Amino acid sequence: MLKALRILRPIYNFTDKFLMFVCKLLLIGDVCITSMAVAGRYIPFIPDPAWSEQIVLTLMVYMAVLSATLAIRRRAHIRMTAFDTYLPTKLVKILDLLADIAVFGLGIVMLVYGIKVCQSPLARFGRYESIPTLSRFWMYLPIPVAGAGMVIFEIEQIIQRLEEIFDPQDLQKL
């Protein structure tokens with residue numbers, strides 16, 4: 001079963017590269033809009049759009065949740081490792097697996113309830129204050145997107161943790 005799931009590794013790699021590309025575009029957009037807004041406050045002929053602050057904050061939220069999913073893939077999240085040197089290696093791997101399962105559960109909750117929030121009247125009919133034509137749906141969309149990314153990358157992490165815990169010979173016995 002684990003070998004069959006390893007076939008999905010190119011999908012994980014593509015998703016990782018795609019999300020990294022999107023994060024780069026969001027950062028470029030953030031820097032450009034913020035630079036224009038700051039320049040517009042001090043240079044008379046450059047406009048300072050009223051919508052700049054809300055759009056910058058929305059882009060930052062997208063960037064934060066997408067980069068969090070990328071950190072899951074790279075095992076780069078901050079975690080408590082103070083006792084790892086004192087505990088048996090197998091126990092540390094099992095605890096890491098339990099942590100991955102908990103994050104997987106969080107990803108499912110974010111996906112399911114994020115979709116419900118995106119379908120709510122508040123998201124569909126609410127508007128940005130400075131951009132009345134833009135729905136608040138875009139403000140809530142990062143929640144299910146991040147949940148989906150967490151689920152996708154946690155499946156890979158759980159598979160890798162299981163491979164670390166069990167030797168290949170132990171897996172053949174199962």
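Me: What makes up the accessible surface of the chain in this predicted model?
Reply: The accessible surface comes to about 11,300 Å², and 73% of that belongs to carbon and sulfur atoms.

Me: And what share of the residues counts as buried?
Reply: Buried means under 20% relative accessible area. Of the 174 residues in the chain, 33% are buried.

Me: How do you know that the chain is more spread out than a compact globule?
Reply: Start with the make-up: there are 8 helices and 0 strands. The globule rule gives 16 Å for 174 residues, but the radius of gyration of this chain is 21 Å, well over that, so the chain is more spread out than a compact globule.

Me: What makes a set of residues a nonpolar core, and how many residues does the largest one have here?
Reply: The residues must be buried, of nonpolar kinds such as Leu or Phe, and joined through side-chain atoms within 4.5 Å. The largest such core has 22 residues, and Leu26, Leu66 and Phe153 have the most contacts inside it. Helix 2 (9-42), helix 3 (52-74) and helix 7 (142-165) each give two or more residues to this core. Helix 3 provides the largest share, 8 residues.

Me: Which residues is leucine 26 in contact with, leaving aside its neighbours within four places in sequence?
Reply: Contact means heavy atoms within 4.5 Å. With those neighbours left aside, leucine 26 touches Leu59, Tyr62, Met63 and Leu66 in that sense.

Key: Residues are numbered from 1 along each chain as its sequence is written. This is a predicted model: local features need pLDDT of at least 70, side-chain atom pairs count only at pLDDT 80 or more; totals for chains, interfaces and linings use all residues. Side-chain values use heavy atoms; hydrogens and water are left out. Helices (H or I, at least four residues) and strands (E, at least two) are DSSP runs, numbered from the N terminus. The radius of gyration is taken over C-alpha atoms; the globule rule is 2.2 Å times the number of residues to the power 0.38. Buried means under 20% relative accessible area, exposed over 50%, partly exposed in between (1.4 Å probe, protein chains only). Accessible areas come from the Shrake-Rupley method with a 1.4 Å probe; for residues, only the protein chains shown count as cover.
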